[in-house]
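Here's a quick tour of side-chain contacts, charged ones to begin with and then rings. Have the viewer open as you read.

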Amino acid sequence: MRKEEQAINKTVALDNLNEELKDNEIPGETIFQNELLKMILEYIRSMDSEYSDVLTYYFLFDLTLKECSVVLQIPLSTVKTRFYKGQKMIQEKFREYRND
């Protein structure tokens with residue numbers, strides 16, 4: 001199976017993401033970590049789809065940025081830009097929770 005086909009086969013409809021996250025317990029070492037992760041996931045879902053799609057495929061479905069590019073049918077450079085901007089948005093939103 002080609003890499004592109006594997007990437008497409010890994011995809012799940014984003015509409016079902018809400019239900020999947022509710023049904024599955026998020027692993028973590030502490031209650032705080034679980035709650036923070038849930039808040040981050042909620043924030044990702046609330047982002048514009050151009051950012052949330054890339055972040056969802058990357059973090060929740062374990063796709064590489066190149067695979068995200070194939071699935072979303074956009075250039076890799078666009079995926080990279082959206083990924084890094086989305087990460088920056090998350091870092092800014094949750095800056096107070098960081099352990100620096």
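What follows is a short report on salt bridges and aromatic pairs.

## Ground rules

This is a predicted model, so local features need pLDDT of at least 70 and side-chain atom pairs count only at pLDDT 80 or more, while totals for chains, interfaces and linings use all residues. Residues are numbered from 1 along each chain as its sequence is written, and side-chain values use heavy atoms, with hydrogens and water left out.

Searching the whole structure turns up four salt bridges; the term means a side-chain nitrogen of Lys or Arg within 4 Å of a carboxyl oxygen of Asp or Glu. One of them joins Glu-35 to Lys-38, at 3.9 Å from N to O. Both residues belong to helix α3 (residues 31-46), three residues apart, or about one turn of the helix. Helices here are DSSP runs (H or I, at least four residues; strands are E, at least two), numbered from the N terminus.

Glu-42 and Arg-45 make another bridge, with their closest N and O atoms 2.4 Å apart. This pair, too, is three residues apart in helix α3, about one helical turn.

How accessible are these side chains? Partly exposed covers what lies between buried (under 20% relative accessible area) and exposed (over 50%), using a 1.4 Å probe and protein chains only. Glu-35 comes in at 40% and counts as partly exposed, and Lys-38 is also at 40%. Glu-42 sits at 47% and Arg-45 at 26%, so both get the partly exposed label.

On to helix α6 (residues 76-93), where Lys-88 and Glu-92 lie four residues apart, about one turn of the helix. Their side chains form a salt bridge at 3.9 Å, N to O. Lys-88 is partly exposed at 49%, and so is Glu-92 at 40%.

Which residues make up the network of salt bridges here? Lys-88, Glu-92 and Arg-95 are linked in it.

## Aromatic pairs

Rings of Phe, Tyr and Trp (its six-membered ring) pair if their centres lie within 6.5 Å; planes under 30 degrees apart count as stacked, over 60 as edge-to-face and the rest as tilted. That rule gives six aromatic pairs. Among them is Tyr-43 with Phe-94, edge-to-face at 5.8 Å centre to centre and 80° between the planes. This pair ties together distant parts of the chain, with Tyr-43 in helix α3 and Phe-94 in the segment after α6, 51 residues apart. Phe-94 is buried, at 8% relative accessible area.

There's a cluster as well: ring pairs link Tyr-58, Phe-59, Phe-83 and Tyr-84.
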